[in-house]
Amino acid sequence: MVIIVIIVIVVLLAIWLVSLYNRLVKLRNNRENAFANIDVQLKQRHDLIPQLVATVKGYAAHEKEVLTRVTEARAAAMSATTINGKIAAENQLASALNGLKVALEAYPDLKANQNFMHLQTEIADIENKLAATRRFFNSATKELNNGVQTFPSNIIAGMFGFHTEPMFEVPKEERQAYDKAPEIQF
């Protein structure tokens with residue numbers, strides 16, 4: 001009778017451990033799927049950037065440094081292979097695009113150009129979709145990190161190499177610009 005109780009306890013413990021492990025795997029896969037959704041939006045963004053740069057070049061030939069920075073940041077973002085590498089590269093690209101927006105303030109004719117307006121609308125739409133997919137990615141990352149850090153799943157996580165993962169956040173150096181209220185000029 002004691003042997004049967006011990007066997008039942010061992011079997012229940014094994015089932016419980018397997019369910020914890022499977023939960024961690026599902027959380028990791030959910031995070032990777034969330035980043036795949038970000039990749040789709042990033043691809044669209046990367047495809048639109050050369051069109052935007054070409055349109056701007058016609059008006060802002062002397063803004064070569066800004067355009068070069070955007071082009072180089074896009075190339076780096078497209079060549080990043082890991083999730084963490086893509087996060088860093090996309091933050092650099094977002095910074096370069098913000099620099100482009102500032103440079104465009106000096107070109108009122110460009111802002112009225114139909115091609116430019118269409119590209120701006122498409123980029124704004126993609127940026128909004130990226131923001132939504134980043135929120136989903138960060139939510140999936142938070143769930144994974146909670147699973148990795150909370151007891152008792154943290155024991156299983158440590159045994160099988162699960163670890164906390166970084167969020168897709170605004171870099172600290174850019175956070176000040178986001179915290180500042182926009183200046184509106186007429």
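Student: Before we get going, what counts as a contact here?

Tutor: Contact means heavy atoms within 4.5 Å. Keep in mind that this is a predicted model.

Student: Okay. So what share of the contacts with a separation of 6 or more comes from residues 24 or more positions apart?

Tutor: Those residues account for 78% of the contacts in that set.

Student: And how many helices and strands are there in the chain?

Tutor: Seven helices and zero strands. Going along the sequence, you read α-α-α-α-α-α-α.

Student: How much of the chain is buried?

Tutor: Of the 186 residues, 34% are buried. The accessible surface of the chain is about 11900 Å², and carbon and sulfur atoms make up 60% of that surface.

Student: Let's switch to charges. How many salt bridges are there?

Tutor: The count comes to six salt bridges. One of them pairs Arg45 with Glu90, and their closest N and O atoms are 2.5 Å apart. That pair links distant parts of the chain, since Arg45 sits in helix α1 and Glu90 in helix α3 (residues 83-104), 45 residues apart.

Student: Is Arg45 buried or exposed?

Tutor: Arg45 is buried, because its relative accessible area is 2%, and the cut-off for buried is under 20%.

Student: What about Glu90, buried or exposed?

Tutor: Glu90 is buried too, with a relative accessible area of 1%.

Student: Which residue in helix α5 does Arg45 pair with?

Tutor: That would be Glu127. Glu127 forms a salt bridge with Arg45, with the closest N and O atoms 2.7 Å apart.

Student: Why does Glu127 count as partly exposed?

Tutor: Because Glu127 has a relative accessible area of 22%, and partly exposed covers what falls between the buried cut-off of under 20% and the exposed cut-off of over 50%.

Student: So which residues end up in a network of salt bridges?

Tutor: Arg45, Glu90 and Glu127 are linked in one.

Student: Got it. Where do Lys129 and Asp125 lie?

Tutor: Both are in helix α5, four residues apart, which is about one turn of the helix. Lys129 forms a salt bridge with Asp125, and the closest N and O atoms are 3.2 Å apart.

Student: How accessible is Lys129?

Tutor: Lys129 is partly exposed, at 37% relative accessibility. Asp125 also counts as partly exposed, at 37%.

Student: New topic: which residues make the nonpolar surface patch?

Tutor: Met1, Ile3, Ile4, Ile7, Val8, Val11, Leu12 and Ile15 make it, and the patch covers about 850 Å².

Student: Let's pick Ile7. Which helix is it in?

Tutor: Ile7 lies in helix α1, which spans residues 2-59.

Student: And how accessible is Ile7?

Tutor: Ile7 is partly exposed, with a relative accessible area of 48%. Patch residues need over 30% relative accessible area, so Ile7 at 48% clears that cut-off.

Student: Last one, Thr55. Where does Thr55 lie?

Tutor: Thr55 is in helix α1.

Student: Why does Thr55 count as buried?

Tutor: Because its relative accessibility is 18%, and buried means under 20%.

Student: What separates the C-alpha atoms of Thr55 and Leu119?

Tutor: They are separated by 9.0 Å, while the two residues are 64 residues apart along the chain.

Conventions
Residues numbered from 1 in each chain as written. Predicted model: local features only at pLDDT ≥ 70, side-chain atom pairs only at ≥ 80, totals over all residues. Heavy atoms only, no water. Patch = residues over 30% accessible without salt bridge, like charges linked within 9 Å, V, L, I, M, F, W, Y side chains within 5 Å. Areas by Shrake-Rupley, 256 points an atom, 1.4 Å probe, with all protein chains shown as cover. Salt bridge = Lys/Arg side-chain N within 4 Å of Asp/Glu carboxyl O. Helix = DSSP H or I, 4+ residues; strand = E, 2+ residues; numbered from the N terminus. Buried < 20%, exposed > 50% of the residue type's maximum accessible area, 1.4 Å probe, protein only.
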